[in-house]
Amino acid sequence: MGLLRLMALAALASQPGVAGGAETIGNSSVGITEFSVGKFRYFKLSRPFPEEAILRNISSNVTFLIFQIHSQYQNTTISFSKTFLPSTSATGTDKGLVFILRPEQSMCFWYMEALDAEPVQNVAIPLSYSERDPIPGGCNLEFDLDIDPNIYLEYDFFETTIKFAPANLGYARGTESPPCDIKTGQDTRWRLLYDVYQYFLPENDLTEEALLKHLQRMAEVPHVTANAIKVVTLTANDKTSVSFSSLRGQGVIYNVIVWDPVLNTSAAYVPTHTYACRLEAMEGSCSSLGRASTKVFFTLFALLGFFICFFGHRFWKTELFFIGFIFMGFFFYILITRLTPIKYDVRLILTAVAGSIGGIFLVAAWWRFGILTLCMLCVGLVLGFLISSVTFFTPLGNLTIFSNDDVFWVTFSGIAVLIPVVFMSCLRMLNILACGFVGSYSVVLAVDSYMYTSLSYITLNVLKRALSTHFRSAFTNVPFQTNDFIILAVWGMLAVSGITLQIRRERRRPGFPPHPYKLWKRERERRVTNILDPSYHIPPLRDRLYGRLTQIRELFQKEQPTGERTPLLL
């Protein structure tokens, strides 16, 4: 068994950094799949028997190689031997093995197996490295494999976290590997650096073909650096774990490049991917992004926001209801989510009820007290919240200093409060700007419930930050592709159109309506004292309602006979 393991560990090699095209299926012999160095190969695996793979003609200057295999959501197992043990095999959708080559070894083999009953479509490639290249996962102490080049991914609604094992320095064939933790000098693995990369798949594309095609851009070092976004660089002293904001329904590929700054060499881990949802789920799958409750809620919210965008300043009470709804609904949703375990649909219904109460309360406060400054403070804070969210949606939000909650919330609140303070001398302009920007953004949120758009994360990231204490360490990068540019243009067009229309229409009108309660009280006193006013003779409300009910009742009564059935004779 030990000899078999040794032969298996000697099993893969290829020439470094050679980018090859994808090959079609082809077996050199029955039951054996043959691979070429640096060449991607598409093939299908079926149960119940493992399939043997082989790589020939390994160059003598290759000291180790990494074989990696990928599928969309069905697990595949690769192993050094036919006996699939945890310490000699890896199972998942994106897995790889490191083969340390023996002197004079020019051929290696391994085994592959599908776990599902249905055939699994895979793409795989062996990549080779020299003795100067660092070995990904060479100092693994956490996972099952002795040398583990895999990236382990976990996700929930809030964040996606990747973990990987530290690398080790490369070494020649037939020699001992450098120790991992005996020394910490520049001649040890502690000099290595880790660049974490992120690559976004096309939006709203959940096809297997697209995933396997784009995975080929994240396997080799030159392709990763050319196509992906470098998010962060970790040192050997940092924790080998990085968190990102989860983007449900959006395909994302992650990879880590370990490089040696002394020798100026590098190697890539095995890339991993996620959609932050389950493709095979029957309910709540990636293909059904928005729940029915979400669509109803945000569609109605968008209709009201669209009206506010163009007519909010003129219909002042309707706008106050809209602002009060946002204020109360946002804080109420955070409260019940953090304090109760109730389901999402129930939370959304309760949020709609609480938001409506908040809107009615703000309208009632304006009607009774007529304090314009207080109402405009609420309007300005909502606009400031949106502007502050947009600010942290930019790369500024990924600065290390804002991973501290105190710094983040103080800065966020400062920007939000600054907006009403700046416009306090021009309240009408503040109100029209709030109507235009906030009202039009509600349309963006409604679009996100039907199709993915990154613009919804402007406010969703802030909501996640308020709900999860761990989200502060997550990078909030999002893709910005064709759909996002179109929706951004629509948002900008609606905002500019609404603001321009309201400025032109309200230019010669009073800034704000008068105090409603004073008007009502003055009108009531006038009707009481002025008997010439026709409204003075209007019966009380109770008598009017009683008279109306009497009229309705008479409609359902039969006509009574008068008693006279013949005409009178003159």
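## Helix α7 against α8

In this predicted model, α7 and helix α8 (residues 405-422) pack at an angle of about 130 degrees, and their axes lie 7 Å apart. Axes are lines fitted to C-alpha atoms, for helices over the stretch in contact, and angles run from 0 to 180 degrees between N-to-C directions. That angle makes α7 oblique to α8. Angles under 35 degrees count as roughly parallel, over 145 as roughly antiparallel, 65 to 115 as roughly perpendicular, and the rest as oblique. The crossing of α7 and α8 is right-handed. A crossing is right-handed if the near helix is turned clockwise from the far one by less than a right angle, and left-handed if anticlockwise.

On the α7 side, the contact residues include L377, L381, F385 and F392. On the α8 side, they include F408, F412, I415 and I419. Contact means heavy atoms within 4.5 Å. By class, this contact has 13 nonpolar, 6 polar and no charged residues. Ala, Val, Leu, Ile, Met, Phe, Trp, Tyr, Cys and Pro count as nonpolar, Asp, Glu, Lys and Arg as charged, and the others, Gly among them, as polar.

## Helix α7 against α9

Helix α7 (residues 372-393) also packs on helix α9 (residues 427-448). Here the angle is about 45 degrees, with the axes 9 Å apart. That makes α7 oblique to α9. The crossing of α7 and α9 is left-handed.

From α7, residues including L372, M376, V379 and L386 meet α9. Their partners in α9 include L430, F437, V438 and Y441. The contact of α7 with α9 has 13 nonpolar, 2 polar and no charged residues.

## The five-stranded sheet

An open, mixed sheet holds 5 strands in the order β2-β4-β9-β6-β7. Its edge strands are β2 (32-35) and β7 (89-92), and each pairs on one side only. Two strands pair if DSSP finds at least two bridges between them. Neighbouring strands of this sheet are turned by 25 degrees against each other on average, direction ignored.

Strand β2 is joined to β4 (residues 51-55) by 4 bridges, and the two run parallel. In this pairing, T33 stands opposite A53.

Strand β13 (residues 193-200) is mostly covered, with 7 of its 8 residues buried. Buried means under 20% relative accessible area, exposed over 50%, and partly exposed in between (1.4 Å probe, protein chains only).

β13 runs antiparallel to β14 (residues 229-235), joined by 6 bridges. D195 has T233 in β14 as its bridge partner. β13 also runs antiparallel to β16 (residues 252-260), through 8 bridges. There, Y194 stands opposite V258.

## Two positive phi angles

Most residues other than glycine have a negative phi. E104 has a positive phi of about 70 degrees although it is not a glycine. E104 is found in the loop between β8 (94-100) and β9 (108-114). At 78% relative accessibility, E104 is exposed.

A276 has a positive phi of about 55 degrees, and it is not a glycine either. A276 lies in the loop between β18 (272-274) and α4 (292-311). A276 is buried, with a relative accessible area of 11%.

## Whole chain and conventions

The chain has 13 helices and 19 strands. Helices (H or I, at least four residues) and strands (E, at least two) are DSSP runs, numbered from the N terminus. Buried residues make up 47% of the 570 residues.

Residues are numbered from 1 along each chain as its sequence is written, and side-chain values use heavy atoms, with hydrogens and water left out. In this predicted model, local features need pLDDT of at least 70 and side-chain atom pairs count only at pLDDT 80 or more, while totals for chains, interfaces and linings use all residues.
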